[in-house]
Amino acid sequence: MRPATASGWTWETARDPDEVHALLCACDAHQARNYGSPTPVRNAGTTARRVRAGEVHLLRHEGEPAGMFTLSWEPPFALDPDAFPPALRPAYLGRLAVAPARLADGAPVGASCVRRALELAADNGADALRAEANPDLTDTVKLLELLGLRRHARVLTDAEGRRTVRLHKNLTPCPITASKERR
């Protein structure tokens, strides 16, 4: 099914892992050049698994891939107990990518992807949306923050030197937090 958006724009659940992986890698390479950061190493097998699971949402413009994201119920990254504020049924936003041509033309593809993720998460019963991002990609982090996600905890650096920041947005009041606030 392809829900229509504005003229020439459509959403779909991705079916072609090669197309999705090419978009993801092209966006990564573009961002690495613009920010002077290393290009992430992506696993085509993970992309194929996420496509098969129906987790990859693809925005097309006139039939061409313009942007994508994954929305999952399991965290795509390791979590420590204090990684995020409490939530009973969080959804996880990952692999947010925009075609380099769309970044250059100023179309609000990234914002459309994040808004769609928020909408789908809420429609499917999530009480929070969580994401992990490279804090050096300042435009991406700023976009997530403008759309209501808030940084949680400090910037993390792994053994390979990759930096990440965790972001979280409550979609509904969390019963765990609400019961603590009533006490």
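The model is a predicted one. Its strands β6 and β7 belong to an open sheet of 7 strands with mixed pairing, and helix α4 packs on that sheet.

**The sheet**

- The strand order is β1-β2-β3-β4-β5-β7-β6.
- Strands β1 (9-13) and β6 (150-157) lie at the edges, each pairing on one side only.
- From one strand to the next, the twist averages 25°.
- Strands of a sheet pair through backbone hydrogen bonds, in either a parallel or an antiparallel sense.
- Strands β2 (residues 56-61) and β3 (residues 64-72) run antiparallel and are joined by 6 bridges; in this pair, L58 stands opposite M68 of β3.
- Strands β5 and β7 are also antiparallel, with 6 bridges, and A133 has V165 in β7 as its bridge partner.
- Strands β6 and β7 pair in the antiparallel sense through 5 bridges.
- The hairpin of β6 and β7 has 5 residues between the strands, and G161 in this hairpin takes a positive phi near 90°.

**Helix α4**

- Helix α4 covers residues 109-123, which makes 15 residues.
- From first C-alpha to last, α4 reaches 21 Å, close to the 21 Å expected at 1.5 Å a residue.
- The helix touches β1, β2, β3, β4 (90-98), β5 (128-133) and β7 (163-170).
- The direction of α4 makes about 35° with that of β3.
- Buried residues of α4 are V109, G110, A111, C113, V114, R116, A117, L118, L120 and A121.
- An α-helix has 3.6 residues a turn, so residues three or four places apart point the same way.
- Just after α4, G125 has a positive phi of about 90°.

**Nonpolar cores**

- The largest nonpolar core has 28 residues.
- Those with the most contacts inside this core are F69, L71, L93, V109, V114, L129 and L144.
- Two or more residues each come from β1, β3, β4, α4, β5, α5 (138-146) and β7.
- Helix α4 gives the largest share of this core, 8 residues.
- Leaving aside residues up to four places away in sequence, L71 touches E55, H57, A91, Y92, A117, L120, A121 and L129.
- A second, separate core has 11 residues, including V20, L23, V51 and A99.

**Cysteines**

- The count of disulfides is 0.
- A disulfide requires the sulfur atoms to be within 2.5 Å.
- Both cysteines are buried: C27 has 6% relative accessibility, and C113 has 0%.

**Residue L103**

- Not counting residues up to four places away in sequence, L103 touches H30, Q31 and V98.
- L103 and V20 are 83 residues apart along the chain, and their C-alpha atoms are separated by 17 Å.

Notes: Residues numbered from 1 in each chain as written. Predicted model: local features only at pLDDT ≥ 70, side-chain atom pairs only at ≥ 80, totals over all residues. Heavy atoms only, no water. Helix = DSSP H or I, 4+ residues; strand = E, 2+ residues; numbered from the N terminus. Expected span 1.5 Å × (residues − 1). Buried < 20%, exposed > 50% of the residue type's maximum accessible area, 1.4 Å probe, protein only. Pairing = 2+ DSSP bridges. Axes fitted to C-alpha atoms, helices over the stretch in contact; angles between N-to-C directions. Contact = heavy atoms within 4.5 Å. Core = buried A, V, L, I, M, F, W, Y, C linked by side-chain atoms within 4.5 Å.
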